[in-house]
Amino acid sequence: MHRVFLGLGSNVGDRRKNLVSALRILDGMRDMEIRAVSSVYETEPWGVRNQPDFLNMVAMAFTVRDPRGVLDACKEVERELGRVRGERWGPRVIDVDVLLYDDVIWEEDDFIIPHPRMLEREFVTVPLLELSPRVTVPGSGDLQDSAELRGENKVRRAFRFDEEEWHG
């Protein structure tokens with residue numbers, strides 16, 4: 001089994017429902033098991049600023065899928081929940097990103113692990129550190145040592161899902 005960290009975000013519609021639906025779909029896949037989730041954080045948009053705030057979180061999953069198979073699962077969730085790709089970094093019903101896959105460094109034209117901008121984004125680093133304080137980022141070392149946690153995005157803990165809400 002491979003340990004995978006996924007970043008989830010939503011800023012369109014019922015953001016809470018979108019996140020829990022994504023977790024349920026992922027956890028319901030026969031070859032993917034969500035084992036833990038961070039708190040949910042409300043954050044200002046990154047990139048394109050003129051849009052609603054996001055709810056963001058990180059999930060830890062275990063899977064037999066290879067990295068491309070995990071990406072396919074993430075895209076399947078996005079399609080199922082109605083994501084329409086438009087403006088880069090624009091509003092979205094759901095976004096599911098592969099952040100880390102074991103200690104693998106994976107580089108293809110359209111897919112890079114570790115996620116190439118994760119260390120720049122507190123809405124990723126804060127929930128990831130909450131979930132796994134000793135996590136390492138291949139090529140960068142301990143996340144705690146390499147993350148630039150300056151409060152620029154005003155990451156605010158919003159709530160935490162009970163396991164019964166998203167599991168099973």
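Is serine 132 buried or exposed, and what is its relative accessible area? In this predicted model, serine 132 has a relative accessible area of 12%; because this value is under 20%, the residue is classed as buried. Serine 132 is placed in the loop between α3 and β8 (136-137). Apart from neighbours within four places in sequence, its contacts are Arg3 and Phe5.

Helix α3 (residues 122-131) is itself largely enclosed by the rest of the structure, since 8 of its 10 residues are buried. The buried set comprises Glu122, Phe123, Val124, Thr125, Pro127, Leu128, Leu129 and Leu131.

The salt bridges in the model number 12. One of them joins the side chains of glutamate 42 and arginine 15, with an N to O distance of 3.1 Å. Because glutamate 42 belongs to strand β3 (residues 40-43) and arginine 15 to helix α1 (residues 15-28), this pair ties together parts that are 27 residues apart in sequence. Glutamate 42 is partly exposed, at 22% relative accessibility, and arginine 15 is likewise partly exposed, at 22%.

A salt bridge also connects the side chains of glutamate 108 and arginine 68 (2.1 Å, N to O). Here strand β6 (residues 106-108), which holds glutamate 108, is linked to helix α2 (residues 67-80), which holds arginine 68, the two residues being 40 residues apart. Glutamate 108 is partly exposed, with a relative accessible area of 30%, and arginine 68 is partly exposed at 24%.

Aspartate 95 and arginine 92 form a further salt bridge, their closest N and O atoms lying 3.2 Å apart, and both residues are buried. Arg92 and Asp95 also belong to a network of salt bridges that includes Lys75, Glu78 and Arg83.

Note on methods
Residues numbered from 1 in each chain as written. Predicted model: local features only at pLDDT ≥ 70, side-chain atom pairs only at ≥ 80, totals over all residues. Heavy atoms only, no water. Buried < 20%, exposed > 50% of the residue type's maximum accessible area, 1.4 Å probe, protein only. Helix = DSSP H or I, 4+ residues; strand = E, 2+ residues; numbered from the N terminus. Contact = heavy atoms within 4.5 Å. Salt bridge = Lys/Arg side-chain N within 4 Å of Asp/Glu carboxyl O.
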